[in-house]
Amino acid sequence: MKDRLFLQIRSILLPYKEKGGPCLLAFSGGMDSSALFHLLVKLSFPFHAAYVNHGWRDNSDLEAIELQALCESKGIPFAHLKVSNFDFSRGNIEDRLRMERHRLLRDYAKKIGARGLVFAHHRDDQVETVVKRLFEG
């Protein structure tokens, strides 16, 4: 199963690798994005990693420091992006933070000349799937 999954992901990513230029990995440090991080490293896939700090959890800055250290140990460029001036008192906070996270990632991807954004998500996370497909055109 693991080898089959590796080969399937590699077949999806290799055409992007051949085009040159990095992709940007949305790197939360969760199981999904950590697994994808290590897979991209194993494939020698050119990428940068970006952590979006929503300012919602007390340990977000520490988490960013740990992810940065991991990236540095593997030679992967890392960005700690922060959500600023966010109003936590109104509306659907999770949806609004997701939109802000995607905006920050898009802006940073443009800044570094990334060929695309890479999100790791599980089968049931349909919102990330929809956004990914929008970016694919």
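The model is predicted. The protein contains five helices and four strands, and these follow one another along the sequence in the pattern α-β-α-β-α-β-α-β-α.

**Overall figures**

- The protein has 137 residues, of which 36% count as buried.

- In general, the strands of a sheet pair through backbone hydrogen bonds, in either a parallel or an antiparallel manner.
- Here, four strands form an open sheet with parallel pairing, in the order β3-β2-β1-β4.
- The edges of this sheet are β3 (78–82) and β4 (117–118), each of which pairs on one side only.
- Strands β2 and β3 run parallel and are joined by five bridges.
- Tyr51 stands opposite His80, a residue of β3.
- Helix α2 lies across β1, β2 and β4, and α2 runs at about 150 degrees to β1.

**The nonpolar cores**

- Nonpolar side chains tend to be buried together in soluble globular proteins.
- The largest nonpolar core of this protein has 19 residues, and Leu25 and Phe47 touch the most other members.
- At least two residues of this core come from each of β1 (23–26), α2 (31–42), β2 (47–53) and α3 (60–74).
- The element that gives the most to this core is α2, with four residues.
- When neighbours within four places in sequence are left aside, Leu25 is in contact with Ser33, Leu36, Phe37, Leu40, Phe47, His48, Ala49, Ala50 and Val118.
- Another core, of 14 residues, lies apart from the largest one; among its members are Ala50, Ala79, Leu81 and Phe119.

**Ser34 and its surroundings**

- Ser34 belongs to helix α2, the helix that lies across β1, β2 and β4.
- A polar atom of the Ser34 side chain lies 2.9 Å from the backbone oxygen of Gly30.
- Not counting residues up to four places away in sequence, Ser34 touches Phe27 and Gly29.

Technical notes. Residues are numbered from 1 along each chain as its sequence is written. This is a predicted model: local features need pLDDT of at least 70, side-chain atom pairs count only at pLDDT 80 or more; totals for chains, interfaces and linings use all residues. Side-chain values use heavy atoms; hydrogens and water are left out. Buried means under 20% relative accessible area, exposed over 50%, partly exposed in between (1.4 Å probe, protein chains only). A nonpolar core is a set of buried Ala, Val, Leu, Ile, Met, Phe, Trp, Tyr and Cys residues joined through side-chain atoms within 4.5 Å. Contact means heavy atoms within 4.5 Å. A polar contact is a pair of N or O atoms within 3.5 Å; within protein, one must be able to donate a hydrogen and the other to accept it, and residues adjacent in sequence count only if both atoms are side-chain atoms. Two strands pair if DSSP finds at least two bridges between them. Axes are lines fitted to C-alpha atoms, for helices over the stretch in contact, and angles run from 0 to 180 degrees between N-to-C directions.
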